[in-house]
Amino acid sequence: MTGPRETIRVPNVEVLRVTYELDSVMLPSNKRFVMSLALEVSVMKGAALLHLCFSKEMAKGNDLVAVTISYPPGRGYQEMYSSSSSSRPPSILKCQRAETIADVKSNAAFALQKQHWKEEHKDVCRLYRAMMEREEELAMKIFTFACSAEQPCKWLESLGIHQKGMWRRKCSCYSHYPYGLLPIPGGLWDSWGGLDENEYPHDSPFHNHFRDGISSSILLSGWLEYYNLRSLPLTSPVADILSHPLTVYYILTALSISSKNLLLKNKEVVLHYLGPEGELDWMTAFAEIGHLLHGMGNIQIIMVGPEVPTNLSGTTSGIGSRVRVNLVRGLYQDEANYLPAPHIIVALNCGLGNYSSWGGALDLINSMKIPAYFTNESELSCLNGKQVLRSAGLHISYPVTPNPFRSPVRIFGNSIISHHIATAFC
């Protein structure tokens with residue numbers, strides 16, 4: 001609240017005085033409070049003084065709470081009242097007449113607003129209920145390691161990988177290192193935090209996907225197929241880090257027809273990867289894309305974002321024989337004109353709901369006429385993201401769909417463990 005608040009105690013009665021600012025300068029939290037009382041600001045403006053009473057459950061029983069809301073803003077609040085007196089507070093006596101007038105004028109609006117609030121509340125609750133039901137359906141129950149990481153450090157410790165290899169980016173212990181600048185481990189075994197030899201993918205191609213002596217493309221529909229292909233036990237937590245590179249691979253080979261055709265013709269696909277963070281320390285995992293391409297073309301991934309360290313910006317790394325990664329520091333809308341033209345644009349777990357940070361990039365994507373794929377960590381954030389995409393003039397050509405290569409690990413604070421994919425074509 002922006003004005004003074006005082007509470008006066010009388011037998012079984014509490015009086016709360018709230019002074020509101022003008023609607024144009026009222027904070028969002030204050031407006032939500034007004035809505036929670038089923039009031040509109042216009043209703044408040046129509047009354048000099050409005051006095052509401054409602055019941056509140058107390059530990060001792062049911063007490064009566066009187067809420068006094070005054071308008072216009074800034075009106076002085078002077079009340080002389082002795083707490084020892086058994087008479088009714090003067091503020092209530094003064095407001096009785098105004099209350100009667102206000103009740104007559106605002107009764108219809110109050111009832112209409114209350115009905116409207118109930119209807120919208122039911123719609124929202126119905127939407128959330130459906131999402132929660134789908135959350136249970138989307139939970140990945142094939143894995144036998146703990147998939148709930150309410151305390152990331154303890155979760156990593158339970159797996160024996162805390163403060164090791166690429167897993168150091170999964171908790172806050174190494175947050176003092178900028179993205180992409182974790183100390184480089186000695187080898188692949190160290191990169192995967194010292195997991196057993198059979199618990200992580202080795203840097204080697206597949207030899208069991210040949211057809212008539214010719215290597216064939218590998219199409220995957222989910223984690224179970226991948227784990228079987230790599231002969232990984234379901235006790236291995238590598239899906240948590242591999243989620244990013246395998247999501248990219250899934251988009252390239254299952255969602256984007258144009259990119260898949262280029263790869264099948266043994267050509268290179270240029271992919272602009274927007275807003276990398278932890279991925280900058282997981283380059284070892286991105287080598288798996290090259291192994292999965294398995295006889296198809298190459299991919300050039302250009303990671304662009306403000307989190308790219310200055311001393312890494314402009315560098316190129318060969319991640320295996322078929323994947324090349326370029327790092328560029330800066331905002332996409334500022335750097336895109338200096339980059340090779342993309343065939344496809346990807347942004348993973350990107351928080352599209354924050355339009356202020358995406359406005360320039362989306363305007364540019366709209367003008368480029370390039371297919372773009374976005375993922376978010378929950379169905380609700382993906383639905384909000386769709387509204388942002390539409391507001392930017394982009395056409396949603398692919399329905400919001402659960403990502404088959406979402407991370408199975410639920411992080412504390414994320415209401416839904418899966419991230420979803422939305423596709424935008426201009």
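## Second largest pocket

In this predicted model, 31 residues line the second largest pocket, and those nearest its centre are Leu280, Asp281, Trp282, Met283 and Thr284. The volume of this pocket is about 620 Å³.

Four elements each give at least two residues to the lining of the second largest pocket: the helices α5 (188–191) and α9 (283–293), and the strands β10 (316–319) and β11 (323–329). Helix α9 provides the largest share of this lining, with five residues. Sorted by class, the lining has 17 nonpolar, 10 polar and four charged residues.

## Packing of α7 and α8

Helix α7 spans residues 239–255 and helix α8 spans residues 257–264; their axes lie 6 Å apart and the helices pack at an angle of about 90°. Because angles of 65 to 115 degrees count as roughly perpendicular, α7 and α8 are therefore described as roughly perpendicular to each other.

On the α7 side, the contact is made by Leu252, Thr253 and Leu255, while α8 contributes Ile257, Ser259, Lys260 and Leu263. Four of the residues in this contact of α7 with α8 are nonpolar, two are polar and one is charged.

## Aromatic pairs

The whole structure contains 12 aromatic pairs. One of them joins Trp223 and Tyr226, with 6.1 Å centre to centre and 75° between the planes, an edge-to-face arrangement.

Both residues belong to helix α6 (residues 223–229). Trp223 and Tyr226 are three residues apart in α6, so about one helical turn separates them.

Terms used. Residues are numbered from 1 along each chain as its sequence is written. This is a predicted model: local features need pLDDT of at least 70, side-chain atom pairs count only at pLDDT 80 or more; totals for chains, interfaces and linings use all residues. Side-chain values use heavy atoms; hydrogens and water are left out. On a 1 Å grid over the protein atoms alone, a cavity is a set of points where a 1.4 Å probe fits but cannot get out, and a pocket is an open set with protein on both sides within 12 Å along at least five of seven lines; lining residues have an atom within 4 Å of a point. Grid points are joined across faces, edges and corners, and a volume is the space filled by probe spheres set on the points. Ala, Val, Leu, Ile, Met, Phe, Trp, Tyr, Cys and Pro count as nonpolar, Asp, Glu, Lys and Arg as charged, and the others, Gly among them, as polar. Axes are lines fitted to C-alpha atoms, for helices over the stretch in contact, and angles run from 0 to 180 degrees between N-to-C directions. Angles under 35 degrees count as roughly parallel, over 145 as roughly antiparallel, 65 to 115 as roughly perpendicular and the rest as oblique. Contact means heavy atoms within 4.5 Å. Rings of Phe, Tyr and Trp (its six-membered ring) pair if their centres lie within 6.5 Å; planes under 30 degrees apart count as stacked, over 60 as edge-to-face and the rest as tilted.
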